[in-house]
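The model is shown below.

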Number of protein chains: 4
Amino acid sequence: MAGASPSPQRVAVIGASGYGGLQILRLLQDHPGFRVTFLGGSGSVGQHWNDRAPFLPLPGNPAIEEPSPEAIAAAADVAVLSLPNGLASGLAPALLRAGVRVVDLSADYRFPTVAQWAATYTGEAERHPRHDDDLCAEAVYGLVEWAGDRLASARLVGAPGCFPTASLLALMPLLQQGLIEGEGIVIDAKTGTSGGGRAAKEHLLLAEADGGVAPYGVVGHRHTAEIELQASKAAGRAIQLQFTPHLLPMVRGILATVYGRLRDPGLTAEDLTTLFQVTYRDHPCVAVLPVGTYPSTKWVRQTNRALLSVAVDKRTSQVVVMSAIDNLLKGQAGQAVQCLNVMTGQRPETGLPLLPFYP
Amino acid sequence: MAGASPSPQRVAVIGASGYGGLQILRLLQDHPGFRVTFLGGSGSVGQHWNDRAPFLPLPGNPAIEEPSPEAIAAAADVAVLSLPNGLASGLAPALLRAGVRVVDLSADYRFPTVAQWAATYTGEAERHPRHDDDLCAEAVYGLVEWAGDRLASARLVGAPGCFPTASLLALMPLLQQGLIEGEGIVIDAKTGTSGGGRAAKEHLLLAEADGGVAPYGVVGHRHTAEIELQASKAAGRAIQLQFTPHLLPMVRGILATVYGRLRDPGLTAEDLTTLFQVTYRDHPCVAVLPVGTYPSTKWVRQTNRALLSVAVDKRTSQVVVMSAIDNLLKGQAGQAVQCLNVMTGQRPETGLPLLPFYP
Amino acid sequence: MAGASPSPQRVAVIGASGYGGLQILRLLQDHPGFRVTFLGGSGSVGQHWNDRAPFLPLPGNPAIEEPSPEAIAAAADVAVLSLPNGLASGLAPALLRAGVRVVDLSADYRFPTVAQWAATYTGEAERHPRHDDDLCAEAVYGLVEWAGDRLASARLVGAPGCFPTASLLALMPLLQQGLIEGEGIVIDAKTGTSGGGRAAKEHLLLAEADGGVAPYGVVGHRHTAEIELQASKAAGRAIQLQFTPHLLPMVRGILATVYGRLRDPGLTAEDLTTLFQVTYRDHPCVAVLPVGTYPSTKWVRQTNRALLSVAVDKRTSQVVVMSAIDNLLKGQAGQAVQCLNVMTGQRPETGLPLLPFYP
Amino acid sequence: MAGASPSPQRVAVIGASGYGGLQILRLLQDHPGFRVTFLGGSGSVGQHWNDRAPFLPLPGNPAIEEPSPEAIAAAADVAVLSLPNGLASGLAPALLRAGVRVVDLSADYRFPTVAQWAATYTGEAERHPRHDDDLCAEAVYGLVEWAGDRLASARLVGAPGCFPTASLLALMPLLQQGLIEGEGIVIDAKTGTSGGGRAAKEHLLLAEADGGVAPYGVVGHRHTAEIELQASKAAGRAIQLQFTPHLLPMVRGILATVYGRLRDPGLTAEDLTTLFQVTYRDHPCVAVLPVGTYPSTKWVRQTNRALLSVAVDKRTSQVVVMSAIDNLLKGQAGQAVQCLNVMTGQRPETGLPLLPFYP
C-alpha cells in the first residue's frame, strides 16, 4: 500500500483547530503512511492540544506552535495549510524554498495568476499584496480525479473549494465530451454550516441557522469564478454559469444539483450514467448511482466519497446531475489527504473512509 | 373586519389530526370570523380531541366524527377537506349539493378536468374512479393573489400544492409580463419534512432525514404538472419547466429558487423588484424584499406570508427569484383560511399571522 | 380586556435586537394594551430597525436610539430592559426617578440585596459596583403565578431566569405544602441554545451544538442560587438542591425534570396532579397534564404557557415533576409581558399566545 | 492483533437492515478479524443488499436470506442477532446446538431466568413462550468492562441495552466501592431518536421529534430492571433507583446524568476521578475526563468509546457522573463487536473507532 513511502511521511498541520485542521488530524490518526509532527496555530500557540480538543486527544499531547517556516521545515516533509484566504501565500514560498511540499486548503493557489485570484478575492488582495505569480502558475489544482499526472510530483497543490469539488465532479464529464450547451448551466448548491468555519458568527449560530434554509452569495459567490475556470478548461471555451449556494440546517455535507441542456436530445439517463461510470471507474473516491437512485449527503457523511446520480427530462432535454460530498472531507481536508497520497506514491484512497456510519 | 359575516361562520375540518388539519384548527382558534363546529376523522372516530392532541386542547373537547355529508351539512357552513388525494372527490359533490362550500387541500380539484388530474395522479385515479368533470371545471384554484374575482363567490376551491404556491408566486409576474423565455426555467425547491405528512414513513424518521439533504421526485414530481398548468395560463403558451424538490432536515418551510432567462438583458434586479412590489402591493400575504436581501424560510415560519427576492446576473442574463413560505400555512392550511376569508367577505389576512417569532 | 388602561401604554424596549428584545417586539405587535414607542440599543444606535431585522418589520421603521433615561422617560410609561447582567442596575434607578416603571430581564433585581446578587454574579459585581440595595429590596420577583398582590403596583420587577421559571413552577406546590423532603432534590434541566443569547460564541454554533447533548455549569450554575432563594421562601427553611443544565440541539424550549422524595409515601400521582391543578386553576399560563401524559417543549414552543406533569414511583417514593416552557417567552420575554399586563390592570395572558403551531 | 484467530471468523448478521444490523455491517467492513458471510432478514428476504442500502454497498452484493439455523450454521462461526425482543430466544437455542456462538442485541438474555425477563417484557413473554432458563443462566451479560473472565469463552452473550450501558459505566465504580448510598439514585438519561429503531413510528418522525425534548417511559421504563439487576450485584444489596429517559432532537447518542449521595462527604471530584481512571485504566473503550470537562455525546459519536466525567457538590454531598456514549455503537452494535473481539481472543477495541470526526 505505502510501497513508495517505506517510512511514514512527516506532516505539519497549520491551522490545526479549525474544522479543516481537525479533519486532517483525525484522518491522519488512522493513516498508515503519515504522522503529524507539527501543529501550527495562531491564537492558541503554547497550549497543549488535548486541553483545546479533549474530544480528539493526540498521542503525546503536543503543544501548538508558532508556524515559522524554519520550525515547520525542521519537523515535516509536507505541510497542509488550513488558513484564511491570503495567508497561505505568505507562508508557502518559504516552505517550498525549504523543501517542504505544500497542500493549501485556501483559494490562494487555485488560480493561474495572482491577478485572477485578486479579481475574485479583492479584500484579501488589498490586505495581502502578493508577488508569487510563479507559484500560482506552478500550483496543481488538486481535484484528484481530474488533476492528471502533474499531481504526483507537485510541490504545491491548491486544494479545490468545497462547492467547486461537488460541482465539477458533476460537470466535467458533460463538458469535456461536449454533451451540454455552454449557456444556461445552473448549479443550485446546498451546504451544511460547517462550511462557514469555526469562528463564531451570528448567522451560523444554531439558534439562527436551525429550522430554516436561505440562499446567500446569490450572483457572484466567489466559488463561481473557480468553477468557471475549470469548466472552461474542460469545455475548451469560456463557460459562464449560474451558481447559487444555500445554507442548510445541518453540520456537514454539500449537495450540488446541476442543470444543463443536452445537445443531443436522444441521450438517456442510462447513457449518461454509463458515461459517468466509465469516467470514474478507476477513481475509488467517486461512485455513480444507478438511474433513479438519488444521493443523500448523509450517505457520504464523514467519508471521502462523492456520490453522483444522473437524470434526464426528455420533455425539456435537460440533464440533472446530483452530486453529494462531505464538505469537510472530499470537499476539503479529505481531498487534501487524497492529494498527499498521490504526491507520495500511495493509492489515492489510502487512509480515507469511503463508507458512512448510517444513520 | 368581519363586516360581511356578522356571526362567525361554522367550519367543518375533515382530516383533523393530520398536519393540515392541525394548522386549520390552530388558526381558527384565534380567528374572529370562524368557529369549528365539526371534526371529521377516519381511524380516530369516537375519540375526544384533547386525548389525541393534548398540545392543542379545544374548547369543549369535541369528539371526532365520521365525516358523512349529512352530519357535516347539519353542523357547518363551509368544510375544509384535508384528506389523501382521491378521497375529497368522493365527499365534495354531496357536500356541495347540501349547500356546504368546500375548500379542498388535496390535488383533486386543481385541474380543469378529471382526465388531466388522472394523467398525473394515476394510482389514485385507478383506486377512485371519478365523474365530476363539472366540479373540476367549476373549482377555483385558490392561489389567492392570482385567483381573481371568482374566488369570492366560489362554492368549491382547490387549494394549491405547497411547491406550486412558492413557485408560482415567483414565476407569475415574470411570465404574465413576458419577461423571461419559456424554455430553460428551473425550479430548485427545498422543503421541510412536514410536507410529507404525519403518517409514519421510514424516510421521514428523524434518524433518517436529520443531518442530510437529498433530492427526490427528480424529473416528474407531480407538482410539475400543477405548476406548468398555471404557468402556461399566465404566459399564454405552453410552458415546460424543470422542477426538482429536495428534502431538508427541518420541520417546516419551503424555499423555491427559480431560474429563468430574461428576454431583455437590460433589466436590473431593481427594475424587477419594483415590478414585483407593484404586483403584490395590495396583497398583504406577500412581501418583496429589497435587492440583496434574501429570505430564509425561518422568516416566514408559522406565518401565512410569502417572502420574495429577485436577483439578476448581468453576465448570464439570468434572473433568480427566491420564494420562501411556510409549507403548512401559506403552502397549505393558511392559504385555505385565506381562501375562506375571501369567500366570506373578510380581508384575506384576517386571523392569519404574518410576522414570525424569531428565532 | 384592557379596561384599566383605556389608551395603550407606551413601552420602551432596551436591548431590542437580542433574542429577548425580539420576542418583546413581536409580542407587542399583537398586543391590544401596549405600543412600542422607544427602541434602545448599543452597537446599532442610529440604524433603522427594518434594516437590522427584515424578518420583523415594524410600522414606521423606527431608529434604534441611545438609551438615555431622559429620552426613555420622554417616550414611554414602562421600560423592558433586556441587557447583560450588571447593566440594568445602571439604568433602572434613573428611570424609576423619572416615573418609568421597569421590568428587568437580567438577574440584577432577582435578589433582595446587592450582596446576595454579588455573591453569585461576582464578575459583574466587580465591573459594575452597585449601591441600590433599596431597589433590590423593593423589586418584585416576577414569577407571576407566585408573585402575589405586590406585582400589580410594582414599580420595579426582576423577571425570573428561564431555568428558575421552569423549575419553580414544578417545585413550589410541593415545597409550600411540605410534601417533599428538603434534601436530595434534583433538577435536571434541558435547554435550547437560544438561552445562550444572540452574541456569537463558538459553542453555540450550529456546527458545534447540533447533533449532540452536553451538560454545562455542573455544580454551581448561577441559576441555582435564584432557585434556592425562592424554594427556601416557599418551604420556610433553607433548601439546597442539585441543578444541572444541559445544552440541547434545538433553538427554543426548556424542560426541567424535577426529582424529590415524598414525605408521605402514600401519595399518588393522581393526588399530586389534583393538587397541581387546584394550585394553578386561576393561572391561564400554566396547565397541568393528566397522569401519564408528559410534556414536550414543542407543545409550548412560541407560547407563554408552562406545561406540568407529575409522576410518582411507589417503589422509591420519588416524585418526578416535568415542566416545559419556551425559554424565550414564559422563560423570559413572555413572562415580562405577563408582568406588564398585571402591572397595568390587564388579565395576565393578554396578548400572549397560549397554543402552539404544531409541529 | 488477531493472533488467536489466524483466519477471519465468519459472522452471520440477523436483522441486517435495522440500525443495529447496519452498524455491525459497517464495522465489520473495516475489521481485520471478521468477515460477514450471512445476511439474515425478514421482510426483505431474497433482495440483494445493495439495492436496499445503496449507501453501504457490500462486496459481492449478497442476498438477504431466511435466517434458518441450518443455513446460518453452514455459513458462520458466530451470529449477531439484531431482532425485536422475544425473537432471539426462538433462534439462539438451535444456533448454539449447531455450534454457532451467539451475541444477542435484544433483552432476551440479559436476565438470569426467563421469569425475570418475563416480569419486565410482559407483552413479549405472552407472544413468545420460552423454556430456555438454562440459556438465561448461561448467558454472559456483555458489558465488556465488567463482564469478567467468562466472556472470553462464552457461547451466548446478552449485549446490554443502550441506557444500561451508559448508566452502569457511571454507577458501577461507585456502587462496587460502596461510595454512594443505595437510596435516592437518579439517572436522568437523554437519547437520540435512533434508539427507537428504524421501523416507522409517528413520534419518531422528524416533524414530530425535531425542535423539542420530552420525557417518556417515566417510572417503569424497562431498562430500569436491567440497570437495577447489575447495580444490585455490584452493590451486594438490592438497589432501586429512578431512571427517566428523554427523547432528544438528534440521531445518535446517549447522555446519562447520574446523581447519588456520597457516604463520605469528604470525597472530592478529584478523588473520584482518580478512582474512575484507575478502574478503567485497562479498558480502551472507556475514558475519564479531567475534573471540570464535561462530555458531549458528539465527542463519542460513531465511536465505541464511553466518556465519563465526575463532579461533586460539597454543599449537598451529591456526586454527579456524566456518561456519554453512541447509543448504536458502545450502546449496541459496537459493544457486540467488542464482545466478539474478546470471545475470539482479540483485543477488545479491535476494528472499533475510538475517535470521532468532529464536528
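## Chain arrangement

Of the interface residues of chain B, 100% are also interface residues in chain A, so the copies meet through the same surface. Two residues are in contact if their C-beta atoms, placed from the backbone, lie within 7 Å. This is a predicted model, in which local features need pLDDT of at least 70 and side-chain atom pairs count only at pLDDT 80 or more, while totals for chains, interfaces and linings use all residues. Residues are numbered from 1 along each chain as its sequence is written, and chains are lettered from A and ligands numbered from 1 in the order in which they are written.

Chain B is superposed on chain A by a rotation of 180° with 0.0 Å of shift along its axis, at an RMSD of 0.0 Å (least squares on the C-alpha atoms of residues with pLDDT of at least 70 in both). The two copies are thus related as by a two-fold rotation axis.

## Domains of chain A

Chain A has domain 1 (9-138) and domain 2 (162-327), with bounds from an automatic or database domain assignment. Their C-alpha centres lie 27 Å apart.

Six residues of domain 1 of chain A are in contact with seven residues of domain 2 of chain A. On the domain 1 side, three are nonpolar, two polar and one charged (nonpolar: Ala, Val, Leu, Ile, Met, Phe, Trp, Tyr, Cys and Pro; charged: Asp, Glu, Lys and Arg; polar: the others, Gly among them).

## Helices α9 and α13

In chain A, the axes of helix α9 (residues 162-176) and helix α13 (residues 329-343) come within 8 Å and cross at roughly 100°. Helices are DSSP runs of H or I with at least four residues, numbered from the N terminus; axes are lines fitted to C-alpha atoms over the stretch in contact, with angles from 0 to 180 degrees between N-to-C directions. α9(A) and α13(A) are therefore roughly perpendicular to each other (65 to 115 degrees).

Cys162(A), Thr165(A) and Ala166(A) of α9(A) make the contact with Lys330(A), Gly331(A), Gln332(A) and Gln335(A) of α13(A). Two of the residues of this contact are nonpolar, four polar and one charged.

Technical notes. Helices (H or I, at least four residues) and strands (E, at least two) are DSSP runs, numbered from the N terminus. Angles under 35 degrees count as roughly parallel, over 145 as roughly antiparallel, 65 to 115 as roughly perpendicular and the rest as oblique.
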